[in-house]
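Q: Please give me a close look at a single part, the interface between the chains, with the cut-off behind each term.

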Amino acid sequence: MSWPAVGHDVLVTLLVVLVVVGIVPALAGVYQYLLVPVHGLRNHLRRAASHLPRVAVVVPAWNEGAVLAASLERLMRLEYPADRLRVYVVDDASTDDTPDVVRAKAAEHPGRIHLLRREQGGQGKAHTLNHGIEHLLRDDWMQALLIMDADVIYRPDSLRRMTRHLADPQVGAVTAYIREGSGRPGAVARFIGYEYVTAQACARRAQNVMGAVACLAGGAQLHTRANLEAIGGRIDTSTLAEDTFSTFLTQLDGRTVVFDGQAVVLAEEPDSVRALWKQRVRWARGNVQITARFRRTWFRPARGHRLGRLDFGLVWFSVFALPFTLVAASTGFIGLYFVSPGTAQTLFGQLWWFGLGTYLFITITTLLVDLDTARRSWFEGLLFPGVGALVLVVASATPGFWLDTVPAWLGITLTPAGVEAWTLLLYSWPVLSMVLARLIRDVEGTRLLGWASRPLLYLVGYGPLLCAITLDAYVREWRGAAQTWDKTEKTGRVTA
Amino acid sequence: MNAHRHADGPQAWARLTDDALRHEIEANRRAERWFTVAGACAALLTVLVVLVVAAVR
């Protein structure tokens, strides 16, 4: 065999490997979803028991005047012994009427709501929380600490459904299910609502089964006092992902983190791509920092915890590396198109069942597990990967549909150049969708093209939008951009 | 049996007695089984659709 032939075969093999790398995140997703039914039979509720410890609720607040009153009132209506619940609002030097709102509520509920004010703030949520925690640890009243966001609305049964897991002394922390709760959600909020079903209701149940939970929800996390003291008596301030940091420390110390999907809280989420971008860039940068900080944990099974499990690592890095795997898949297919077009066509055609099966299994499961959200967000659920990606799935499953059937309907015939352009468009879509996602952010709110942002969002898909945001975050982290806590604006639109 | 019925349901659970909270836990455990059903239905539907597409392809 000649060297050029060997070189060609090696190149083809490498390109095929790139395509296979591209499907690994989907495999990890399917794996997680296969664990969801297991959770129905095997979950921590068998070790939960009636348990109502003294709970201090810490609410960090900066200019939350519009949303705080409703949240505080809901906390006062929790079905929980009144003498075992105290709320501490840590005002991070707000410039609006936040302190007045808290004082008014404190007057309505004497002894139960307290204001802790920082005269100089702006350092971020973790610092604000630590101000409150330091105050609470001075005496021994608090047996458990609930961290929440100012806009989160708790259902009357939410807290006791979290505390019941603390009856198991092995448990260090519990997190609830945060549902998107806007009264009249727009497209972005509906996409987020669906996303939260996948990322919380399903993925965290899967993580419960794995015995390794990636992240306590920032708006609803309950720690035992013992756990809080064991992880240093404070929240980490060195990363943008303080919630994930606490989650990892808890588990590395041998204590369990539990997700209770029956403990539901409602939150207002961003309803514009720009606001979502700001929020998720922060989260993604935080995840980069976490990945680096805990680098000695990945894929190293250990006695006291399960964060080093192979499956947990694959799930974590599948999400982490998703933008790169999309680039790998496109690169592989486009490269094969030029180097070995037959291989490209065969591979593309052979993967049809995988693409279709993954989409159907994940979408149907997600819509079934939370029927309330499904009623609001079924359309966004169906178009989560985007119209473009669904066109790709159809092209793979029925090769003649777009090349012959549809042109016939339109009374046209594709030329060879047209077929080539179409094929390259399909192969490059995973990358193109991320580029177009960036465009959505840029045109949103502009006078001339603002109207195009929503149709473009459905074309591109919410999944690729998240990938584009993640890529942006990685670039910023690599460039060493300043770590700023860009607060998501809330308007108090949550209804329950 | 009457005591069991009396301790069941969200209103009863709100009384926060040990019995009521135990019943709530049991009710939530039963509710979790829906996830097993949902996952199985989704898997079955997926396999069916993929088989149909494979047959007509």
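A: UniProt positions are given here in the numbering of this model, with feature names shortened, and such annotations may be inferred rather than shown by experiment. With that caution, the unreviewed UniProt entry marks residues 34-56 of chain B as "transmembrane region", and in the model this span is 100% helix and 0% strand, its end C-alpha atoms lying 33 Å apart. The model is predicted, so that local features need pLDDT of at least 70 and side-chain atom pairs pLDDT 80 or more, while totals for chains, interfaces and linings use all residues, and side-chain values use heavy atoms, without hydrogens or water. Residues are numbered from 1 along each chain as written, with chains lettered from A and ligands numbered from 1 in written order.

At the interface, 36 residues of chain A are in contact (heavy atoms within 4.5 Å) with 27 residues of chain B. About 2800 Å² is buried between them, 66% of it from carbon and sulfur atoms (accessible area lost on being put together, 1.4 Å probe, summed over both parts). A:Ser50, A:Arg160 and A:Trp352 supply 18% of the area that chain A buries, more than any other three residues.

A:Arg160 also forms a salt bridge with B:Glu24, 2.7 Å from N to O (Lys or Arg side-chain nitrogen within 4 Å of an Asp or Glu carboxyl oxygen), and the count between the chains is 3 salt bridges. Helices (DSSP H or I runs of at least four residues) that each supply at least two residues to this side of chain A include H1 (3-41), H5 (158-163) and H13 (352-369), and H13(A) gives the largest share, 10 residues.

Conventions:
Buried area is the accessible area (1.4 Å probe) that two parts lose on being put together, summed over both.
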